[in-house]
Amino acid sequence: MTFDDDAARVRLHADEVFATADQVRRLLAAQFPHWAALPIRPVRSHGTDNAIWRLGETLALRMPRHAGAAAHIDKDWRWLPHLAPRLPVPIPVPLAKGGPGEGYPWPWSVCAWLAGENPDPDRLADPQGLARDLAGFLLALRAIDARGAPRPGVRNFGRGVPLAVRDAPTRDAIAALHGTIDTEAVTAAWKRAREAPVWSGPPLWIHGDLNAGNILLRDGRLGGVIDFGSLAAGDPACDLLAAWYVFGRDGRKAFREALAADDASWARARGWALSMALIALPYYKETSPAIVAESLRVIGEILSEA
């Protein structure tokens with residue numbers, strides 16, 4: 001689904017910069033003239049870090065919206081070609097890396113367009129099948145040698161760090177949501193997650209942002225995974241947040257079984273899902289109704305298990 005250039009410009013972050021259609025055409029003409037004649041159009045996305053443009057029928061442009069996302073372009077270029085042949089479904093391997101110019105300040109990339117639809121957690125045709133597919137993807141990702149992989153930190157928004165690192169911002173978000181949600185219940189749920197044993201194994205590859213917007217379905221089954229901006233090697237429980245972001249109760253059970261997730265990993269995963277939803281709610285409450293609705297659904301799923 002596409003939308004007009006003005007609709008693409010909903011500002012989500014204070015430091016955002018948007019590339020206009022004219023800038024994109026001039027960037028292509030200056031840096032990749034062999035693609036400059038192809039039609040371009042912005043793509044509707046609930047993503048918050050990059051604007052995505054279709055380039056012809058087979059290519060896509062990934063244009064960072066803020067400086068933090070711009071740092072991911074080099075990481076994509078370094079690691080996605082290494083990971084892609086070892087994974088069971090397609091991921092957006094960059095084909096070319098563009099540089100700043102024409103008034104646009106950051107690097108950007110060209111990759112193959114991956115077709116598919118994002119899952120709707122309330123309307124999954126085969127939740128158990130998708131759960132097994134997604135578990136297979138994560139097991140394959142974890143199995144890839146992570147020596148030399150980037151570690152969690154500021155550049156991947158801290159995905160894969162110990163939950164203790166997220167304690168202060170999570171509690172700040174809970175305080176900001178007083179009167180909006182059941183803050184007593186979510187505080188208790190967060191406390192239980194924080195008490196789970198920390199990951200003691202070696203750092204493993206994680207996607208870091210495995211929500212429904214970064215999953216593509218083809219004929220109801222997993223057809224691709226996109227947006228590896230939070231890629232790192234850390235606690236693999238971070239990626240299990242998909243259990244609440246993508247699935248309802250039955251799919252969640254199948255997902256856990258397919259991953260053979262132990263109690264400690266599952267508790268940390270629940271904490272990741274809860275923390276991300278809580279922090280997103282006040283941050284996006286005025287700018288992204290979709291993220292607000294998603295966050296409230298995830299919190300509701302978690303509290304229903306208490």
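**View 1. Contact between helices α9 and α10 in the predicted model**. From α9, the residues R270, A273, L274, A277, L278, A280, L281 and Y284 meet I291, V292, S295, L296, V298, I299 and I302 of α10 (contact: heavy atoms within 4.5 Å). By class, this contact has 13 nonpolar, 1 polar and 1 charged residues (nonpolar: Ala, Val, Leu, Ile, Met, Phe, Trp, Tyr, Cys and Pro; charged: Asp, Glu, Lys and Arg; polar: the others, Gly among them). Local features need pLDDT of at least 70 and side-chain atom pairs pLDDT 80 or more, while totals for chains, interfaces and linings use all residues. Residues are numbered from 1 along each chain as its sequence is written, and side-chain values use heavy atoms, without hydrogens and water.

**View 2. Packing geometry of α9 and α10**. Helix α9 spans residues 263-284 and helix α10 residues 289-304 (DSSP runs numbered from the N terminus: helices H or I, at least four residues; strands E, at least two). Their axes are 9 Å apart, at an angle of about 145 degrees (lines fitted to C-alpha atoms, for helices over the stretch in contact; angles from 0 to 180 degrees between N-to-C directions).

**View 3. The open sheet**. Its 5 strands follow the order β1-β2-β3-β5-β4 with antiparallel pairing (pairing: at least two DSSP bridges between two strands). β1 (40-42) and β4 (94-98) are the edge strands, each pairing on one side only. The twist from one strand to the next averages 25 degrees.

**View 4. Strands β1 and β2**. The antiparallel strands β1 and β2 (residues 50-55) are joined by 3 bridges. Opposite P42 stands W53 in β2.

**View 5. Helix α3 on the sheet strands**. Helix α3 (residues 72-83) lies across β3 (59-64), β4 and β5 (108-112). α3 runs at about 155 degrees to β4.
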